[in-house]
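Q: I have a model open and would like to talk through how one part of it sits against the rest. Can we start there?

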Amino acid sequence: MRLLVVAVGQRVPDWAQTAWDDYAKRFPPELRLELKAVKTEPRGSKTLPTLLAAERERIEAAIPKGARVVALDERGTPLATVALAARLKEWPLENDAVALVIGGPDGLDPAFRQAAHERIRLSDLTLPHAMVRVLLAEQLYRAWSINAGHPYHRE
């Protein structure tokens, strides 16, 4: 299965890229974790709906056809790590690819959010986008480790 994280924003601090790379290389060949960073729409004098629509087009272009779309959203369903592990078992039954989408500074286009197959919330805290990438990669790896009986996750 392919886990594709589509994240609005192309520049992240070195520490975030290093952490992402570290987690991504830990996944087994049958479960690939990939990142597709899409350009943030320049703010200028554009309206918020115009900005979000432009970012939505870039996000949709990055998502493989037929992929399950999971939007990360502050209003999404909160998931414990064990529940994420259960999702990681279910997702391959439906699709070979899952796109987990992280919005830009203004979030995700409301229509895109609603159209997603699923909306999840990583935290009640407001987190920097670079940290969200790392936290998501770590939690996906932890979820895989639970399912694989790997010692990374200790209860």
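This is a predicted model: local features need pLDDT of at least 70, side-chain atom pairs count only at pLDDT 80 or more; totals for chains, interfaces and linings use all residues.

Q: Which residues of α2 are buried?
A: Leu51, Leu52, Ala54, Glu55, Ile59 and Ala62 are the buried ones in α2. They lie on the same side of α2, because the arc they cover around the axis is only 160°.

Q: And which ones are exposed on the other side of α2?
A: Pro49, Glu57 and Ala61 are exposed there, on the other side of α2.

Q: How many residues does α2 have, and how far does it reach?
A: Helix α2 has 15 residues, running over 48-62, and from its first C-alpha to its last it reaches 21 Å, which is close to the 21 Å expected at 1.5 Å a residue.

Q: Changing topic, what pattern does the protein chain follow along the sequence?
A: Helices and strands come to five each in the protein chain, and read along the sequence they follow the pattern β-α-β-α-β-α-β-α-β-α.

Q: What about contacts between residues at least 6 apart in sequence, how many of those join residues at least 24 apart?
A: Among such contacts in the protein chain, 83% join residues at least 24 apart.

Q: Last one: what radius of gyration does the protein chain have?
A: The protein chain has 15 Å, which agrees with the value near 15 Å for a compact globule with 155 residues. Of those 155 residues, 45% count as buried.

Terms used:
Residues are numbered from 1 along each chain as its sequence is written. Side-chain values use heavy atoms; hydrogens and water are left out. Helices (H or I, at least four residues) and strands (E, at least two) are DSSP runs, numbered from the N terminus. The expected span of a helix is 1.5 Å times one less than its number of residues. Buried means under 20% relative accessible area, exposed over 50%, partly exposed in between (1.4 Å probe, protein chains only). The arc is that of the directions from the helix axis to the C-beta atoms. The radius of gyration is taken over C-alpha atoms; the globule rule is 2.2 Å times the number of residues to the power 0.38. Contact means heavy atoms within 4.5 Å.
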